[in-house]
Amino acid sequence: MHPDDVSGLTQAVHGYIDGRMSALDHDCRIRHASGRYIWVNVRGKSAKGDGDAIVRLVGSLTDIDERKQLESELSRLSLYDSVTG
């Protein structure tokens, strides 16, 4: 995981476990096999045992790198003047 994203994901997981968030749904970057960081969406649900206690989290990672790159490019273009550069 990208060092800048550890705190945000940790807060999201704890917020979900503590009941402050109704769902675990967070975007962060992880290191790809190529060595570069890619954006992923982390989603999770809790599995509860006796007494409503959370015994595990299950979830998925979805590659959203292309979407994040497009969002970044749109943001850049919204502030870019093609006449003056």
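Biologist: Where does H2 lie relative to α1?
Modeller: H2 is in the segment before α1, which covers 6-17. Helices (H or I, at least four residues) and strands (E, at least two) are DSSP runs, numbered from the N terminus.

Biologist: What should I know about the model and the numbering?
Modeller: The model is predicted, so local features need pLDDT of at least 70, side-chain atom pairs count only at pLDDT 80 or more, and totals for chains, interfaces and linings use all residues. Residues are numbered from 1 along each chain as its sequence is written, and side-chain values use heavy atoms, leaving out hydrogens and water.

Biologist: Back to H2: buried or exposed?
Modeller: H2 is buried, because its relative accessible area is 15% (buried means under 20%, exposed over 50%, partly exposed in between, with a 1.4 Å probe and protein chains only).

Biologist: Which residues does H2 touch?
Modeller: R29 and Y37, leaving aside residues up to four places away in sequence. Contact here means heavy atoms within 4.5 Å.

Biologist: OK, the sheet. What is the strand order?
Modeller: The order is β1-β2-β3, an open sheet of three strands with antiparallel pairing. Two strands pair if DSSP finds at least two bridges between them.

Biologist: Why is one side of β1 and of β3 left without a neighbour?
Modeller: Both stand at the edges with a single partner strand each, so one side of each has no neighbour in the sheet.

Biologist: How many bridges join β2 to β3?
Modeller: Nine, with β3 spanning residues 54-63; K48 stands opposite I54 there. β1 (24-31) and β2 (37-48) pair over eight bridges, with I30 opposite I38.

Biologist: What about the turns: which glycines have a positive phi?
Modeller: In the β1 and β2 hairpin, G35 has a phi of about 100°. In the β2 and β3 hairpin, G51 has a phi of about 70°. Each hairpin has five residues between its strands.

Biologist: And where do the helices lie?
Modeller: α1 lies across β1, β2 and β3, at about 155° to β1. α2 (65-78) also lies across β1, β2 and β3, at about 125° to β2. Axes are lines fitted to C-alpha atoms, for helices over the stretch in contact, and angles run from 0 to 180 degrees between N-to-C directions.

Biologist: New topic: which charged ends sit over rings?
Modeller: K68 sits over the ring of W39, 4.6 Å from its centre, and R76 over that of Y80, 5.3 Å from its centre. The cut-offs are NZ of Lys or CZ of Arg within 6 Å of the ring centre and within 35 degrees of the ring normal.
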